[in-house]
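Reader: I've got a protein open on my screen. Can you walk me through it?
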Amino acid sequence: MSNGGQRDQAASDRSETALFASDAWARTPPARLARSAIQRGALLPILHFISPYTVVGRSNLGKLKGPAVFVANHQSHFDAPVCLAALGGRIRRRLVVAAAADYFYTTRLKGAAASLALGTVPFVRTGASSRKSLMMLKELIGKGWSVLIFPSGSRGTGATGFKRGFAYVAVDAQVPVVPMYLHGLEHVMPKGAFIPLPGGVVIGIGPPIPPGNDYGELVRKAEQGVARAQEMVKRWEGA
């Protein structure tokens, strides 16, 4: 590699290190207190007003005794707030949301707002930096944090085609995967929309899935778990 290439690589490494460290302040005790106040005082009441939600299968959360990886289908930018509301305060207090770095962290202000209000961490979805993102998530789990990730990557997708990143995190850290299915957000804030529309939302939460030691098998089980959570939602709606 030429000196110019080495300088470019060094600059890239410094940029990535700065990106991954940019939100560490959001997990300090003062920031966590501020986030709790923002969520309980503003975010959740607004969410209740715009998108009244129902949670099916919440009892499955009682089976968790430590950190976990939560996976859900991806429908809109409202997905993360709805998941935070559905999971409740006990889990929410020690939960980070893997958020697309190329969208939520394009500016310092935008990234800081997401980190403070939602507890997001920057996640690079492609290239070598995606591996560093996965390492960061594993380190956070080692410190007692759970992770919420949308493994389909892009919005408007269902319970199939999950990327393996979440499985690397869960298997390597040996924590369970909790499948979730979100229904209704495709109408509240569909892809391309910037203003949410009033509408009801139903969230299905399946039982925790042991991580095992096979990444591909865990991806398959997680897809099945989200599909079963979808069936739970359908049965509730048909009741």
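This is a predicted model: local features need pLDDT of at least 70, side-chain atom pairs count only at pLDDT 80 or more; totals for chains, interfaces and linings use all residues.
Reader: Which residue stands opposite Val202 in strand 7?
Author: Thr54 does. Strand 1 (residues 53–56) and strand 7 (residues 201–205) pair in the parallel sense over four bridges. Strands here are DSSP runs (E, at least two residues), and helices are runs of H or I, at least four residues, both numbered from the N terminus. Two strands pair if DSSP finds at least two bridges between them.

Reader: What is the mean pLDDT of the protein?
Author: The mean is 85, and 81% of the residues reach 70 or more. pLDDT is the predictor's confidence in each residue, from 0 to 100.

Reader: Where does pLDDT stay under 50?
Author: Over residues 5–15. The model has three contacts beyond four places in sequence for that stretch. Contact means heavy atoms within 4.5 Å.

Reader: Back to strand 7. How does strand 6 pair with it, parallel or antiparallel?
Author: Antiparallel, over four bridges. Met180 has Ile205 of strand 7 as its bridge partner.

Reader: How many residues of strand 7 are buried?
Author: Five of its five. Buried means under 20% relative accessible area, exposed is over 50%, and partly exposed lies in between (1.4 Å probe, protein chains only). Val201, Ile203 and Ile205 point one way, and Val202 and Gly204 the other way. In a regular strand the side chains alternate between the two faces of the sheet.

Reader: And strand 3, which strands does it pair with?
Author: Strand 3 (residues 95–100) runs parallel to strand 5 (residues 146–149), joined by three bridges. Val97 has Leu148 as its partner there. Strand 3 also pairs with strand 4 (residues 120–123), in the parallel sense, over four bridges.

Reader: New topic. Why does Ser130 count as buried?
Author: Because its relative accessibility is 15%. Ser130 lies in helix 6 (residues 128–142). Leaving out residues up to four places away in sequence, Ser130 touches Val124 and Arg125.

Reader: Last one. What is the phi of Gln174?
Author: Positive, about 55°, although Gln174 is not a glycine. Most residues other than glycine have a negative phi. Gln174 lies in the loop between helix 7 (165–173) and strand 6 (177–183).

Notes: Residues are numbered from 1 along each chain as its sequence is written. Side-chain values use heavy atoms; hydrogens and water are left out.
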